[in-house]
Amino acid sequence: MVILREGGYYLVDGEKTVSESAPEASGYQKDLAGQGTMAYRILQAHNQSDDTANLNIKFDKLTSHDITFVGILQTARASGLERFPVPYVLTNCHNSLCAVGGTINEDDHMFGLSCAKKYGGIYVPPHQAVIHQFAREMLAECGAMVLGSDSHTRYGALGTMAVGEGGPEIVKQLLEQTYDVPMPGVVAIYLTGKPNPGVGPQDVALAIIGAVFENGFVNNKVMEFVGPGIENLSVDFRIGVDVMTTETTCLSSIWRTDSAVKDFYELHQRPDAYRELKPADVAYYDGLVEVDLSKVKPMIAMPFHPSNTFTIEEVNANPGDILREVEKKASVSLDNNDIEFKLTDKIHDGMIYVEQGVIAGCAGGGFENLCDAADILKGKTIGSDAFSLSVYPASQPILMELVKNGTIATFLESGATVRTAFCGPCFGAGDVPANRGLSIRHSTRNFPNREGSKVTNGQIASVALMDARSIAATAANKGYLTPATDIDVSFSRPKYYFDKSIYDNRVYNGIGKAMPETPIQFGPNIVDWPTMYPLTEHVLLKVVSMIHDPVTTTDELIPSGETSSYRSNPLGLAEFTLSRKDPAYVGKAKAVHAAEKVRIDGGDIFAEDPNLKGVYEKLKSVAEIDPKETEIGSVIFAVKPGDGSAREQAASCQRVLGGLANIAREYATKRYRSNLINWGMLPFTYDGDLVFDRDDYIFIRDIRKAVAEKIDEVKAYVVGDELKEITLRLGALTDHEREIIAKGCLINYNKK
């Protein structure tokens, strides 16, 4: 099904793969062939630097949604923003439920509309489209690059290299700065064969994720889709695979384009956006993933990660053993003793019963997914027991066509409910299951509590990821887990007709029409960022949280769901930091920050925190340190933090509570590490024995000098009964990143 090939590979004439260790490879020039990938040519075309190994990228277009754009625009305004230099789209697909938190969600929307008018952007009102579907329909262009403040910014199937990053990277582009990254490795995803009827894009995506995630095979690399199997996939199918590449932790993706992609652009009334993209006659890749589409079976990603994959067939054949293993694996993340997590109770007469199905958002809400699901449900009902099914078309144009061709009627007749374009089920703001419920979803993630349950309130629910077709098959079987390949169905595959007038009539397009005199409309929840201060010569860090999970997601660092309504209020949102992972964190971080505030004001820090006196007494054996000139901040340790969402608040919430650093064995994604840096936090790694714990202090001397002078290894002292010397690493930092850290954050860096 999926085979990983280590080492370098050549792709010859777009068809033949040759290992660099094969005798035949001696006839190829590796350096030249390395420039033959689609990724290399697109990246270098957008590189503002003469250095082909260290890129300074300027993107063609930008996009954000209503969880992220307020903070981005507040940061950019504080940094001197005057206009949007490139097309910037503000969509409203996350905080769409405007009853949550009173007026605050709609206040954010009106803030976005006023900024689109003032600075010259595009504003997409709530319920019109999810961020990525609008980008596919209206932004993507072959050979272009798009940066989005959402991790699933992936438009590679349409020939667009797209990157999902934290908000500060959008700010940099708005200020006409660059996205700085080493030239990434490029891995070929070589597709052959043709999917069997009933197998959908989520099945292919999960098969790939399950093969490459844990071993980091494509981590921070570009996945380049090639091979003869592409021509056997519709563009909708390709898009469904492509959007899930984020869950591999790759940097971006790009696909070979063909007449099907050309037809897509013509259908969406943008024929000029198409051009053929393909690798050079000989292209070199840093690895190869072979995917035989004909061998892919309906898949399921069990809780609590998209890489926890099985075929539905093997789960149904051996439910007890597999679910017990899932329970055991999940206990690592769910270390709350008050919560009993069980899945084996879903086994009813040898079959697995689920309580909910959802087909939604940028992954599941596509036209073809929903038409195929409806075909499976035609003439059937989902029943009147616990199982429910909801579907969310990804845009109003898709919904319009589904109404016209009768698909919506089929869903409603079956007992399913149909909603407007909304990302809520993907991050816990809609369709939250009952306690101990199991939901199957064609969406993007199934992290702990991602579906909206709250462990700290005694709640736990689970999501398993599946393709829309198998969700429909399960729905037709009244909630009993069923692969779509078990259903006798003839897929009708109706033609799609795109109605652009929906956007023409409703979307505000201010590109090239900035109106600087427009006042920005604020709501009471929209609050400026608090003042952040430059890095001092030395720092004293207090460890306020220790997270020993193998991977920590951004959802665990700052929960999604109803907290999203507070993302325009930095201090208000910060109250939720680590609330579902370490409820004591906020209080501990605030206590540390209180001492720092006293230091800044010139007061007596020892009166504020008597423990500090003993700490500084012990440090005298190292050097005489002036406490008034030494910044005090909190730090968290996590083994591998930052998997998942790009949202900057995973870092900024720590920062506004006085966080100065993270210490990790490694960072799960570039985007989380970048968020730390852009908020002025030190991104330490540490590979020694853990000789520090919660409530210990770590003193780092001459840290400002280390940052300025590009010193990677930093000597630090753990202050306990005695001083223990450890070595922390800063890792590779660009000159801009070093200056951002020294100045305290990106806002300070950009202040005129």
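Author: What follows concerns a predicted model, taken topic by topic.

Reader: How many cavities of 30 Å³ or more does the structure hold?

Author: There are 10 cavities of that volume or above. The largest cavity contains about 210 Å³ of space.

Reader: Which residues lie nearest the centre of the largest cavity?

Author: His-94, Asp-150, His-152, Cys-426 and Arg-450 do, out of 23 residues in the lining. Two or more lining residues come from each of α5 (131-138), α12 (361-364) and α16 (424-427).

Reader: And which element gives the most to that lining?

Author: That is α12, which contributes three residues.

Reader: How do the lining residues divide into nonpolar, polar and charged?

Author: The lining of the largest cavity has nine nonpolar, 10 polar and four charged residues.

Reader: Turning to the helices, at what angle do the axes of α13 and α17 cross?

Author: The axes of α13 (residues 367-377) and α17 (residues 468-476) cross at roughly 25° and come within 8 Å. Angles under 35 degrees count as roughly parallel, so α13 and α17 are roughly parallel to each other. The crossing of α13 past α17 is right-handed.

Reader: Which residues make the contact?

Author: On α13 they are Glu-368, Asn-369, Asp-372, Ala-373, Ile-376 and Leu-377. On α17 they are Ala-468, Arg-469, Ala-472, Ala-473, Ala-475 and Ala-476.

Reader: What is the make-up of that contact, nonpolar, polar and charged?

Author: The contact of α13 with α17 comprises eight nonpolar residues, one polar and three charged.

How values were computed. Residues are numbered from 1 along each chain as its sequence is written. This is a predicted model: local features need pLDDT of at least 70, side-chain atom pairs count only at pLDDT 80 or more; totals for chains, interfaces and linings use all residues. Side-chain values use heavy atoms; hydrogens and water are left out. Axes are lines fitted to C-alpha atoms, for helices over the stretch in contact, and angles run from 0 to 180 degrees between N-to-C directions. Helices (H or I, at least four residues) and strands (E, at least two) are DSSP runs, numbered from the N terminus. Angles under 35 degrees count as roughly parallel, over 145 as roughly antiparallel, 65 to 115 as roughly perpendicular and the rest as oblique. A crossing is left-handed if the near helix is turned anticlockwise from the far one by less than a right angle, and right-handed if clockwise. Contact means heavy atoms within 4.5 Å. Ala, Val, Leu, Ile, Met, Phe, Trp, Tyr, Cys and Pro count as nonpolar, Asp, Glu, Lys and Arg as charged, and the others, Gly among them, as polar. On a 1 Å grid over the protein atoms alone, a cavity is a set of points where a 1.4 Å probe fits but cannot get out, and a pocket is an open set with protein on both sides within 12 Å along at least five of seven lines; lining residues have an atom within 4 Å of a point. Grid points are joined across faces, edges and corners, and a volume is the space filled by probe spheres set on the points.
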